[in-house]
Amino acid sequence: RMDDCASVNDFNTGLKIVSDMEKIFTNDSDINNYKKDFEDRKEAHRIQELKDNQKVKVIKAYAYNDGYYSIFRKATVVVQNCSSQVLKEYTVGILQFDSNGYPVEVEYSYQGDNNCFMGRGQSANVQPGGTYGGNRYWNIADNATKVKACVKTAEFYDGGTWTNPYYEHWLETEKDRY
């Protein structure tokens with residue numbers, strides 16, 4: 001019965017069954033393991049739902065140097081508007097890494113914290129389902145050759161704002177590794 005609950009993502013029922021079993025079999029390591037497994041699966045499922053249901057999400061992010069004459073390393077981040085409103089502007093966290101995958105600190109404190117550069121996409125004017133950013137860039141640290149990105153906030157033309165509930169989890173789990 002518990003395995004059936006896990007296979008259909010009925011984590012609450014599974015946790016209820018495990019809790020009932022805990023009352024009968026106290027300090028049983030198998031039951032404790034089942035409980036931890038259900039809790040871990042429930043949290044992973046919650047995080048996946050947050051990721052899947054972002055109103056504005058990053059679909060591509062990359063770092064580059066556009067040629068011999070350019071002295072700056074650049075980051076391009078393409079976002080998609082998954083909402084039903086027209087996207088006015090957004091902020092995006094861009095994690096910077098060197099060629100070996102190690103974090104690269106932002107060069108100036110006003111740009112962000114640690115290795116997370118904060119970019120702002122203004123006057124994006126992205127229709128529902130549309131994308132933006134393919135021909136835009138931010139200047140990033142010279143030794144940053146790899147980037148990962150996630151939208152933090154968005155503002156829509158109807159006056160609504162959105163703070164990405166997935167962002168903090170993304171930042172915490174992705175900031176130290178490429």
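**Classes and model basis.** In these legends Ala, Val, Leu, Ile, Met, Phe, Trp, Tyr, Cys and Pro count as nonpolar, Asp, Glu, Lys and Arg as charged, and the others, Gly among them, as polar. The model is predicted: local features need pLDDT of at least 70, side-chain atom pairs count only at pLDDT 80 or more, and totals for chains, interfaces and linings use all residues. Residues are numbered from 1 along each chain as its sequence is written, and side-chain values use heavy atoms, with hydrogens and water left out.

View 1. The volume is the space filled by probe spheres set on the points, which are joined across faces, edges and corners. Its lining residues (an atom within 4 Å of a point) are L95, G112, D113, N114, N115, C116, M118, K152, Y167, E168, L171 and K175. By class, the lining has five nonpolar, three polar and four charged residues. The elements β4 (112–113), β5 (116–121) and α4 each supply at least two of the lining residues, and α4 gives the most, with three. Helices (H or I, at least four residues) and strands (E, at least two) are DSSP runs numbered from the N terminus.

**View 2. The largest pocket.** The largest pocket has a volume of about 230 Å³. Its lining consists of K51, D52, Q54, K57, V58, A149, C150, Y166, H169, W170, T173 and E174. Two or more of these residues come from each of α3 (29–52), β1 (56–64), β8 (146–156) and α4 (167–174). The largest share, four residues, belongs to α4. The lining divides into five nonpolar, three polar and four charged residues.

View 3. Five strands, paired antiparallel, form an open sheet in the order β4-β5-β3-β8-β9. Because β4 and β9 (161–163) stand at the edges with a single partner strand each, one side of each is left without a neighbour in the sheet. Helix α4 packs on the sheet and touches β3, β5 and β8, contact meaning heavy atoms within 4.5 Å. The direction of α4 makes about 165 degrees with that of β8; axes are lines fitted to C-alpha atoms, for helices over the stretch in contact, and angles run from 0 to 180 degrees between N-to-C directions.

**View 4. Partners of β8.** Strands pair if DSSP finds at least two bridges between them. Strand β3 (residues 87–97) and β8 run antiparallel and are joined by 10 bridges. T91 has T153 in β8 as its bridge partner, and L95 stands opposite K148 in β8. With β9, β8 pairs in the antiparallel sense over three bridges, and the bridge partner of A154 in β9 is W162. The two strands β8 and β9 form a hairpin with four residues between them, and G159 in the turn has a positive phi of about 95 degrees.

View 5. S123 lies in the loop between β5 and β6 (131–132). Its relative accessibility is 51%, so S123 counts as exposed (buried is under 20% relative accessible area, exposed over 50%, partly exposed in between, with a 1.4 Å probe and protein chains only). Not counting residues up to four places away in sequence, S123 touches K88, E89 and Y132. The C-alpha atoms of S123 and Y90 are separated by 9.0 Å, with the two residues 33 apart along the chain.

Definitions and conventions. On a 1 Å grid over the protein atoms alone, a cavity is a set of points where a 1.4 Å probe fits but cannot get out, and a pocket is an open set with protein on both sides within 12 Å along at least five of seven lines; lining residues have an atom within 4 Å of a point.
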